[in-house]
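Dear colleague,

Please find below the structure that I am handing over to you. My findings follow directly after it.

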Amino acid sequence: MNATPSADWCPYCKSREKDPASLGRTDLPAGFCGLCDVCGAPGHIQQHPSSIPYTGCWCERHYDLLALTFPLTHPLSIDGMILYFVLFIAGGILYAVVNAFIH
């Protein structure tokens, strides 16, 4: 996919550089610490992009996609509630402005 090796920020990649067998896998490409949970492409083990306590492995494409869509698909999460609250306020302001110009 479009994942790029980046051992600078990833603690799992740093530990893998020191000891290639530290993650229990030796078949991963250099610069990556796992395979994407969604598509199987090389990726990085990292915290879920929202506020839920979950660690998984994603390629850059699926991590970015998850970060964008999670609040929309999980409205009862903290991120979803904040998003929908902001949209509700913005809708109210837009309604007030449009209503003021009509009347």
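Of the 103 residues in the protein, 25% are buried. Please note that this is a predicted model. The accessible surface of the protein comes to about 6,900 Å², and carbon and sulfur atoms account for 67% of that surface.

The protein contains 3 helices and 3 strands. Read from the N terminus, the elements follow the order α-β-β-β-α-α. Among contacts between residues at least 6 apart in sequence, 24% join residues at least 24 apart.

I turn next to the sheet. Its 3 strands form an open sheet in the order S1-S2-S3, with antiparallel pairing. Strand S1 (34–35) and strand S3 (55–58) are at the edges and each has a single partner strand, so one side of each lacks a neighbour in the sheet. In general, strands of a sheet pair through backbone hydrogen bonds, in either a parallel or an antiparallel manner. Here, S1 and strand S2 (residues 42–47) run antiparallel and are joined by 2 bridges. Glycine 34 lies opposite glycine 43 in S2.

The surface also carries a nonpolar patch, formed by Ile78, Ile82, Phe85, Val86, Phe88, Ile89, Ile93, Val97 and Phe101. Together these residues have about 970 Å² of accessible area. One of them, valine 97, is placed in helix H3 (residues 78–102). Is valine 97 buried, exposed or partly exposed? Its relative accessible area is 40%; because this value falls between the limits of under 20% for buried and over 50% for exposed, valine 97 is partly exposed.

Yours sincerely

Technical notes:
Residues are numbered from 1 along each chain as its sequence is written. This is a predicted model: local features need pLDDT of at least 70, side-chain atom pairs count only at pLDDT 80 or more; totals for chains, interfaces and linings use all residues. Side-chain values use heavy atoms; hydrogens and water are left out. Helices (H or I, at least four residues) and strands (E, at least two) are DSSP runs, numbered from the N terminus. Buried means under 20% relative accessible area, exposed over 50%, partly exposed in between (1.4 Å probe, protein chains only). Contact means heavy atoms within 4.5 Å. Accessible areas come from the Shrake-Rupley method with a 1.4 Å probe; for residues, only the protein chains shown count as cover. Two strands pair if DSSP finds at least two bridges between them. Patches are made of residues with over 30% relative accessible area and no salt bridge: like charges are joined within 9 Å, nonpolar side chains (Val, Leu, Ile, Met, Phe, Trp, Tyr) within 5 Å. A salt bridge is a side-chain nitrogen of Lys or Arg within 4 Å of a carboxyl oxygen of Asp or Glu.
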